[in-house]
Amino acid sequence: MSWQTFIARRYLRGGHSGGSVSAQTAIGVAGVTLGVAALLVVQAVMAGFTEKLKEQMLGATAHILVVAPPSETSLGVEGFAEAEKKIKSVPGVVAVTPFFRKEAMISRSERVGAVRLFGVDPATAGDATIFPHKMEVGSFENLRKPGMAENLGDWPKEKITSSTLPGIILGRDLAAEIDAVPGDEVRIICPLCGIGPLGPTASVKAFILVGVFEVGNIEYDGQFGFVLLQEAQRFFNPEGEGELVSGIQVKVDDLEAADKIAAQISYALGPTSLWVTHWKTLLGPLFDALQLEKLALFVVLLIIVLVAAFNIAGMEVLFVREKVHEIAILKAMGAPSTGITRVFLSRGAFVGFLGTLLGLSLGLGVCYLQERFHLIKVDASVYQMKYMPVLVLPMDVIKVILAPTFITTVAAYLPARRAGKLPPTEALRSD
């Protein structure tokens, strides 16, 4: 052990001056600990919120959408089959599924709500969207065969299997809004889908609830409903002018390359009226804003570490003044200025490093407890999720370690440099 290390460790323990220096050390460590813990927790919350939102939104809207323009509103089944074949030939495309979408009303007894009704193909919907994988009760296969409904848990299966009505799947919040449970009959109302003697009229069709999903996003859980694609086509297209789809959902193997793959899909489709868009166009500005907010919060919370660094600098200045006599003796014995500087720099840097490690441990502990037990709840109607998610990214941990360590080391260097340059004669004279 070098003499610099020996003296620095002695100074950290307080030496022979009682517990005053040790108390200063503890205060300095505590300041850095709290700052680093706050920095890590906020970064983890922002990363968790962004990732959760991305998972929910991209799982619901698919990575790439190929849709008919507003003037056409839908695509004939022959056009869909041709487009599907071309889309699947594009490298990077993982899955393709058609959908038919309309806004409608849903009711049960005296309860009424609004629903975004999707006609889907149960065989391929799970390949491109998350809903079939978020089923709380039932499964998407129940849409094709309500008479052979499965995964219903404690709900009475006989009530569904004995019904001749087509099946429907609702989000948990929407089902609760109309007080519907698996096996209940619900009615879908489309104000202008029917054809009467005097023109368009309301159309009503009964369905039986065969499943309930929960994504964790209040918009999807409270507004979305799914029926078999053919049932949606017949209900919303009473004139029977061909089977129609609203668009095609496409899943890709690389989210970040979605824009490039979308461009390749457009080229593969050739001259067509179909619109090709991707998640970066639809949701990119939102996630860019979240990343900017995360960076801004990192800078703002770094001020807490700066305050702790000033505390360390002030502590070191006072400590150097207290040890002027010992510095003079060391220099009179031949200790170089760089060695004296290293003693005091080691002491200040150790306070910063120890505070950073303790803050990192505290922050990781808080993140684990929140993710494990969901201690902090949030308003789902505002934040689209029911608890505050956290996600600790390796890069965030590296930033949280390096930035405070660098700041506290710089703060400790200036008083240490002053101690190293202190002339021994001046020190003895002041003593």
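Which backbone nitrogen lies 2.9 Å from a polar atom of the side chain of Gln 370?

## Basis of the model

This is a predicted model, in which local features need pLDDT of at least 70 and side-chain atom pairs count only at pLDDT 80 or more, whereas totals for chains, interfaces and linings use all residues. Residues are numbered from 1 along each chain as its sequence is written, and side-chain values use heavy atoms, with hydrogens and water left out.

## Gln 370 in helix α13

The nitrogen in question belongs to the backbone of Ile 376, 2.9 Å from a polar atom of the Gln 370 side chain. Gln 370 is part of helix α13, residues 337-373 (helices are DSSP runs of H or I with at least four residues, numbered from the N terminus). Gln 370 counts as buried because its relative accessibility is 3% (buried means under 20% relative accessible area with a 1.4 Å probe, protein chains only). Leaving aside residues up to four places away in sequence, Gln 370 touches Leu 375, Ile 376, Tyr 387, Met 388 and Val 390, where contact means heavy atoms within 4.5 Å.

## Helices α12 and α13

Helix α12, residues 324-332, and helix α13 have axes that come within 10 Å and cross at roughly 145° (axes are lines fitted to C-alpha atoms, for helices over the stretch in contact, and angles run from 0 to 180 degrees between N-to-C directions). Where the two helices meet, Ile 327, Leu 330 and Lys 331 are the residues of α12, and Ser 337, Ile 340 and Phe 344 are those of α13.

## Nonpolar cores

The largest nonpolar core has 78 residues, of which Ile 168, Phe 226, Val 250 and Ile 265 touch the most other members; such a core is a set of buried Ala, Val, Leu, Ile, Met, Phe, Trp, Tyr and Cys residues joined through side-chain atoms within 4.5 Å. Not counting residues up to four places away in sequence, the contacts of Phe 226 include Leu 117, Phe 131, Ile 168 and Phe 213. A second, separate core has 23 residues, among them Val 29, Val 36, Leu 301 and Leu 360.

## Ala 262 in helix α10

Ala 262 is found in helix α10, residues 258-269, and is buried, with a relative accessible area of 3%. Apart from residues up to four places away in sequence, Ala 262 touches Ile 64, Val 276 and His 278. The C-alpha atoms of Ala 262 and Met 105, which are 157 residues apart along the chain, are separated by 34 Å.

Conventions. Buried means under 20% relative accessible area, exposed over 50%, partly exposed in between (1.4 Å probe, protein chains only). A polar contact is a pair of N or O atoms within 3.5 Å; within protein, one must be able to donate a hydrogen and the other to accept it, and residues adjacent in sequence count only if both atoms are side-chain atoms.
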